[in-house]
Amino acid sequence: LKARKMATPNLVSRDLEDHRMIMLCMFEKVIRSENIIKSQQQGEPDLSRQEKLDILSNLLERTPGSFLMRFGKLFDEKDLRYFDKHTDFEVRYRVKELMRLLQTNVKVKQRRNRRYKAIEELTTSGEYFSEEQMRERNPLLYEHYIGQYLSEEERDKIGLCAPGELSLSAHIVNKFEEDICATKLQQQLEIEKQQSGELEDKKALKNNVLTLSCDPVQAEERLMLRKEFLRVMHLQFLNGDDAEFDYSSVDNNEEYDVNDISGRDEEDSYFDSEEPSLFDEGIHYEEEMEVSDR
C-alpha cells in the first residue's frame, strides 16, 4: 500500500513534465516560424528569446483559444494533446478543427505519394510516358518543348505537320491517331489565341505564348528541353490533370504507398530541381545525339 501511494505522485510528476515538454515544443515551433508574436513599432529592438517565451506562456495561460487561433496550424497531433483536458468550448472547437485539417493533409500527402509511385511504375513499365503517347495527350506542350526544334525529316518520321501549320499534312491523312493529335493541337492553339497568350499549364509554361523558333538549337539543349517536357508531364499527372486517366486506380490503391522516407525525399527533390535526373529514361531519345546542329 505504501509503495502504491509513492507511485501515484511519481506518475503525476511525470505527466506534468510531459505536459511541460509539449508546451515548450509548441513555443519552439512558434519562435522558429515567421509568425508575429508581438506587434512592434519601427525602430523597436527585436524581442529576445526569453521575452518571446514569456509572451507565449502568458497568452497560452490566459487565452488558450487565441493561442490556438494564431499558432495552431504549426502544431501536430502530439502537440494538440496538450489541450485534452480543456473544457473551454473555443479550445475544444479549435482543437477539433486543427485535427481535421491534419487528417486532410495526411490524405493529400498519401494521394500525392501514391501518384508519384505510379509515375515510377508507368515510366519503367508501359508506354504511358513514352514520347508518342505524351505528344498525343498534349500536342501543344510537345510542340513548345520539342516539336518546333525538329528537322523536317524528323517531323515526317513521326507524322508531324510543319511548325505553325494547323492543317493535316499528306503524311498523316490515313493515320487516325495522328488525326486526333493534330486536332488537339489545333484546338489548343485556338484556345491559346482566345486567351491572348495567357495559357497556363500548371506553372510549367513560364512563357505562355507559343513561339516557333528558327534559331539553331544544340543537341544538348534539345535534350534539356526533352527532360523539361517530361517533368511537366509528370507534374500534370501528379496534379490530376490527365483527364483520360483513372486516378481512382492509384489513389485508392494501397500497393502504391511509400513506406520509406527516402521515397518522399526523392519525390520532393525531383519536382523541386531544375534539371531532373529521375525518370529521364521515360522519353526515348532516338538518335538524339546524332542530330546535327541547325
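**Note on the predicted model**

1. Asp-79 is buried, because its relative accessible area is 2%, under the 20% cut-off. The model is predicted, so what follows describes a prediction. Asp-79 sits in helix 4, which spans residues 77–80. The side chain of Asp-79 makes a polar contact of 2.5 Å with the side chain of Lys-29. Which residues does Asp-79 touch, leaving aside neighbours within four places in sequence? They are Ile-22, Cys-25, Met-26 and Lys-29.

2. Confidence comes next. The protein has a mean pLDDT of 75. Of its residues, 63% reach 70 or more. Residues 1–7 stay under 50.

3. Overall make-up: the protein has 12 helices and 0 strands. Read from the N terminus, the order of elements is α-α-α-α-α-α-α-α-α-α-α-α. The protein holds 294 residues, and 38% of them count as buried. Take the contacts between residues at least 6 apart in sequence: 71% of them join residues at least 24 apart.

4. How do helix 2 and helix 3 cross? Helix 2 covers residues 49–62 and helix 3 covers residues 64–71. Their axes come within 5 Å, with a crossing angle of roughly 125 degrees. Helix 2 is therefore oblique to helix 3. On the helix 2 side, the contact uses Leu-56, Leu-59, Leu-60, Glu-61 and Arg-62. On the helix 3 side, it uses Pro-64, Ser-66, Phe-67, Arg-70 and Phe-71. By class, the residues of this contact are 6 nonpolar, 1 polar and 3 charged.

5. Ile-37 lies in the loop between helix 1 (2–32) and helix 2. Is Ile-37 buried or exposed? Its relative accessible area is 10%, so Ile-37 is buried. Leaving aside neighbours within four places in sequence, Ile-37 is in contact with Val-30, Ile-31, Lys-52, Ile-55, Leu-56, Arg-70 and Phe-71. Among them, Leu-56 belongs to the helix 2 side of the pair in point 4, and Arg-70 and Phe-71 belong to the helix 3 side. Ile-37 and Phe-71 are 34 residues apart along the chain, with their C-alpha atoms separated by 9.4 Å.

6. Lys-52 is in helix 2. It is partly exposed, because its relative accessible area is 24%. Not counting residues up to four places away in sequence, Lys-52 touches Ile-31, Ile-37 and Leu-47. Along the chain, Lys-52 and Ile-31 are 21 residues apart. Their C-alpha atoms are separated by 7.3 Å. Ile-31 is also one of the contacts of Ile-37.

7. Last, a site further along the chain. Where is Asp-257 found? It is in the loop between helix 11 (248–251) and helix 12 (261–272). Asp-257 has a relative accessible area of 25%, so it counts as partly exposed. Not counting residues up to four places away in sequence, Asp-257 touches Gln-110 and Arg-114. With Arg-114, there is a polar contact of 2.5 Å between side chains. Asp-257 and Lys-117 are 140 residues apart in sequence. In space, C-alpha to C-alpha, Asp-257 and Lys-117 are 7.6 Å apart.

Note on methods:
Residues are numbered from 1 along each chain as its sequence is written. This is a predicted model: local features need pLDDT of at least 70, side-chain atom pairs count only at pLDDT 80 or more; totals for chains, interfaces and linings use all residues. Side-chain values use heavy atoms; hydrogens and water are left out. pLDDT is the predictor's confidence in each residue, from 0 to 100. Contact means heavy atoms within 4.5 Å. Helices (H or I, at least four residues) and strands (E, at least two) are DSSP runs, numbered from the N terminus. Buried means under 20% relative accessible area, exposed over 50%, partly exposed in between (1.4 Å probe, protein chains only). A polar contact is a pair of N or O atoms within 3.5 Å; within protein, one must be able to donate a hydrogen and the other to accept it, and residues adjacent in sequence count only if both atoms are side-chain atoms. Axes are lines fitted to C-alpha atoms, for helices over the stretch in contact, and angles run from 0 to 180 degrees between N-to-C directions. Angles under 35 degrees count as roughly parallel, over 145 as roughly antiparallel, 65 to 115 as roughly perpendicular and the rest as oblique. Ala, Val, Leu, Ile, Met, Phe, Trp, Tyr, Cys and Pro count as nonpolar, Asp, Glu, Lys and Arg as charged, and the others, Gly among them, as polar.
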